[in-house]
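Student: I am new to this structure. Could you show me how to read a few of its features?

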Amino acid sequence: MKISPKHAFLCNVPYLFIFIFLFSVTPALSEDYDALQGVKGLNTVFDYGHASSEEALVIFPAIREVYQSKSVTSLSNPPSVVIVFHDAAVKFLTTERNGSKEENATRDKIAEAIRQFDKDGVKMEVCMYAVKVFGVNPDTIMPEIEKVGNGWIAASGYQAKGYSLIAVP
């Protein structure tokens, strides 16, 4: 059975209306934040101690959304983002690949995300106290990440400079 062009068009009209509705309404829903009224720019420090490397692959894109969102980039001052890694999160910041094939693949994805953060201008610091406690070889920490003695001191310093703290325990 052959469908006429007119019938095919009529069958697709509902999809066209759905597309137009989503295209026109979604940005308004996702880009309006009362909290940003009167704000000139966002300075955010993420206090990152989350131990799961798999969950980092979910959390890292959410962090990127903070500084790439149109609502944030449209502010008069550009966003400034810092990630301070501490606790067990330091275990997946290494260049070593001595886990299972799946673990190593996950670490490779994390390494790519770290390199992208660096390209995007995100400052990253790692707590060397945690590196020592968790037995990570300091020489294997990714070069994009600055080493600091104590991550909590770093996070506190950024707060003292006016950065908002977002804890990722």
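Student: Which residues make the nonpolar surface patch?

Tutor: Patches are made of residues with over 30% relative accessible area and no salt bridge, where like charges are joined within 9 Å and nonpolar side chains (Val, Leu, Ile, Met, Phe, Trp, Tyr) within 5 Å. A salt bridge is a side-chain nitrogen of Lys or Arg within 4 Å of a carboxyl oxygen of Asp or Glu. Accessible areas come from the Shrake-Rupley method with a 1.4 Å probe, and for residues only the protein chains shown count as cover. Here, Tyr-129, Val-133 and Phe-134 make a nonpolar patch of about 320 Å². This is a predicted model: local features need pLDDT of at least 70, side-chain atom pairs count only at pLDDT 80 or more, and totals for chains, interfaces and linings use all residues. Residues are numbered from 1 along each chain as its sequence is written, and side-chain values use heavy atoms, leaving out hydrogens and water.

Student: Is Tyr-129 buried or exposed?

Tutor: Buried means under 20% relative accessible area, exposed over 50%, and partly exposed in between (1.4 Å probe, protein chains only). Tyr-129 has a relative accessible area of 57%, so this residue is exposed. Tyr-129 lies in helix H5, residues 128-133; helices (H or I, at least four residues) and strands (E, at least two) are DSSP runs, numbered from the N terminus.

Student: How many aromatic pairs does a search of the whole structure find?

Tutor: Rings of Phe, Tyr and Trp (its six-membered ring) pair if their centres lie within 6.5 Å; planes under 30 degrees apart count as stacked, over 60 as edge-to-face and the rest as tilted. The search of the whole structure finds six such pairs. In one of them, Tyr-48 and Phe-92 have ring centres 6.3 Å apart and planes at 90°, so they are edge-to-face. Tyr-48 is in strand E1 (residues 43-48) and Phe-92 in the loop between strand E2 (80-85) and helix H4 (101-119), so their pairing ties together parts 44 residues apart in sequence. Both Tyr-48 and Phe-92 are buried.

Student: Which residues form the aromatic cluster?

Tutor: The cluster is formed by Tyr-48, Phe-60, Phe-85, Phe-92 and Phe-117.

Student: What does Thr-140 touch?

Tutor: Contact means heavy atoms within 4.5 Å. Not counting residues up to four places away in sequence, Thr-140 touches Leu-93, Thr-94, Thr-95 and Glu-96. Thr-140 lies in the loop between H5 and strand E4 (146-148), and with 8% relative accessibility this threonine counts as buried.
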